[in-house]
Amino acid sequence: MSKALNAKYSPPSRSYLSDTLIPTWFGVEKANVIAELKDVPKLAITSDGWTSLSQDHYLTVTVQYTSQGSLKQKVLHTRAVYQSQTGEVVAEEISDILGDFEIELSKIVAVTVDNAGNMDVAIKKLNILKIGCFAHTLNLAAQKVFKIPSVDKWAAQIRAVIVWFKRSSMANIVLKEKQDLIFTKPNQPTVPDPQKKHTLILDVKTRWNSFYLMMERFMEQYPAIQAAALDPRVRKPMTNDNLVHLKDEDFHKAEEFVDIMKILYTSTLCVSSDKSATAGQIIPILQKLEEHFTVKHDDTTFATAIKEKVWGNLSERYQDANIQAFLHEATAMDPRFKGRPVSDATWDRLRKATVEANHVTGAATPPGLSEPEQRDTEQQQHEEEEEEGEGEGGEEMEETYKPSSALEELFSEEDRKLRRTIQLNTLSISERIDVEIELYKGLSPIPMKEDPVMWWWEKRATLPFLAQNATSYLCAQASSTPSETL
C-alpha cells in the first residue's frame, strides 16, 4: 500500500519503531500529562491488579480530575510486577508510578480499589483515603445468595440443565426448533421472531451479574426449554443423564429472583459504565438498596432469605467514620442528589473544609484554579459587576443583566441575590462561604442525566468557593472500573 502511494517512501523498521519512535512519543505524552497535572489542585486515583494468561502480574493506576467543566481521566501506567503482590509491594509500586508523574500524595483526595486484602494494606501504608470499589462490593453481596442452601440447590439444577443444552448438539437443535415455533412475530403467528431467538447464558463466578443474566435469559427461554425437554429426541438423553426436569415452581422462583436482584444489576451499571460515576452516588444507591431489600410481611421464604443475606452483607460496608464522612460530603456536593436530607454535621464539615482551603492561601478568591480558569472566572465576575453597575436604581441595574445560558436564566433569581450580596464586598471569606452554602441549599436538584461537573463549572462565578471545593469530591470514583477496563 505504501509503495502504491509513494514508491520512494521507506517505512521505519520494527526496531526503529520500538526502540526510538514509540519511546520518544511516550516521553512527549508523559511530559504533557505531568505539565497538565501540575495545575490540578485536587485529584483522585484508581488502581487494580490483574494476572495475564501467562500468569504475569500487572498493576494499573489511573488518575481522575476536573478541568474546564469536564471530568478528565489519564492512564498513568500499567506495570508488570515480578514480586509477590503483598500490600507493601503494591504500595511501593503505586508510589513509584505517582512519583514518575510528579503527583504529590497531598493532592490525592481518595483512591478507589477493590476489596482485596493487599490493597487495604497498600492504601493504609500510603495514608490515602480508600474507597472500596462499589461495583465489586455489589458483586460480593450478590454472591452471598449461594450461601443459602435452598437457593444454591435450585440454582444448581437450572445450571445443570443449561450446561446440558449448551453441550448437546441435538438438544441445541431441538431448542432452536421450539424457539421458531413459540417465539413468533406479533400478528404473524407463522413467522419466527429472530429478536427472541437467543442462546442460553451460563454464569461465570468471577463475572459480575452473570448469574442474574443467566436467570433472566432462562425466564425468557423457559417455554422453549420446557418444550424441548418434552421432545423424544431430548427427553430420553436427559433421563439417562439423571437431569432433573424443571418445573413451573423453578420458573416462579426465577421470576422472584430476577425481580429482587435487578436493582443490584442496575446499580452495578450505574457505577461501572456511567461517565459521571462519582463517589457521591454510593450513599443514595445504598439507601435505595436498603429500602428495596427490607423484608416485607408478604415476602415468601425464598425472597426473605435472599433479601436478608444480600443486605446483611451490604450493611457492613463503608462503616469507617472517615469514609462515611467523605461519602456524605460527596453526596451533598453532587447537585443530582440535592433533594436528599443532609445532616448539619455534614454541612459543618463542608464549611470548615472550604474555609480552611482558602485560609491556607489567604486568597480572597478560590485558590487552585488554572490560569485559564482564573481568567474566565474573573472576566465573568467583572462583566457581572459592570452590568449591575449600569443605570440608576436596582430594577434598572437588573434589566441590563443578560443571562448567557439557559441554566443562568432558569436560576436567575438565585444568581441575582448572590451577586447583590457579594457586591457589597464587606463580607469575610467565612461569611461569603456561609452565604454560598445557604444559596446552594435553596437551589433545585438537577436531573440524573445532567453532568454535575459542568453544573459546578457554570456556577463558578456565583458559587466560587463551593465550586472549587466540589472538585475534591467530583473527581473521586465510585468504582475502580477505569483501571479494570484496559
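Mentor: We'll take the cavities, then the aromatic pairs, then charges over rings.

Mentor: This is a predicted model, so local features need pLDDT of at least 70 and side-chain atom pairs count only at pLDDT 80 or more, while totals for chains, interfaces and linings use all residues. Residues are numbered from 1 along each chain as its sequence is written, and side-chain values use heavy atoms, with hydrogens and water left out.

Trainee: How many cavities of 30 Å³ or more does the structure hold?
Mentor: There are 4. A cavity here is a set of points on a 1 Å grid over the protein atoms alone where a 1.4 Å probe fits but cannot get out; its volume is the space filled by probe spheres set on the points, which are joined across faces, edges and corners.

Trainee: And how much space lies in the largest cavity?
Mentor: About 120 Å³. Its lining has 15 residues, and Ala 142, Asn 209, Phe 211, Tyr 212 and Met 261 lie nearest the centre. Lining residues have an atom within 4 Å of a point.

Trainee: Which helix gives the largest share of that lining?
Mentor: α10, with 4 residues. α5 (134-143), α8 (210-230) and α10 (248-273) each supply at least two. Helices are DSSP runs (H or I, at least four residues), numbered from the N terminus.

Trainee: Switching to rings: how many aromatic pairs are there in the whole structure?
Mentor: The search finds 16. Take Phe 218 and Tyr 222: their ring centres are 5.6 Å apart and their planes at 70°, so they're edge-to-face. Rings of Phe, Tyr and Trp (its six-membered ring) pair with centres within 6.5 Å; planes under 30 degrees apart are stacked, over 60 edge-to-face, the rest tilted.

Trainee: Are Phe 218 and Tyr 222 buried or exposed?
Mentor: Phe 218 is buried at 0% relative accessible area, and Tyr 222 is buried at 6%. Buried means under 20% (1.4 Å probe, protein chains only).
Mentor: Then there's Tyr 440 with Trp 456, centres 5.0 Å apart and planes at 35°, so that pair is tilted. Tyr 440 is in α19 (residues 429-442) and Trp 456 in α20 (residues 452-458), 16 residues apart.

Trainee: Which residues do ring pairs link into a cluster?
Mentor: Phe 146, Trp 154, Phe 211, Phe 257 and Phe 302.

Trainee: Last one: which ring does the charged end of Lys 30 sit over?
Mentor: Phe 101's, 5.4 Å from its centre. Arg 460 lies over the face of Trp 457, at 3.8 Å from the ring centre. The cut-offs are NZ of Lys or CZ of Arg within 6 Å of the ring centre and within 35 degrees of the ring normal.

Technical notes: 1 Å grid on protein atoms, 1.4 Å probe; cavity = no way out; pocket = protein on both sides within 12 Å on 5 of 7 lines; lining within 4 Å. Buried < 20%, exposed > 50% of the residue type's maximum accessible area, 1.4 Å probe, protein only.
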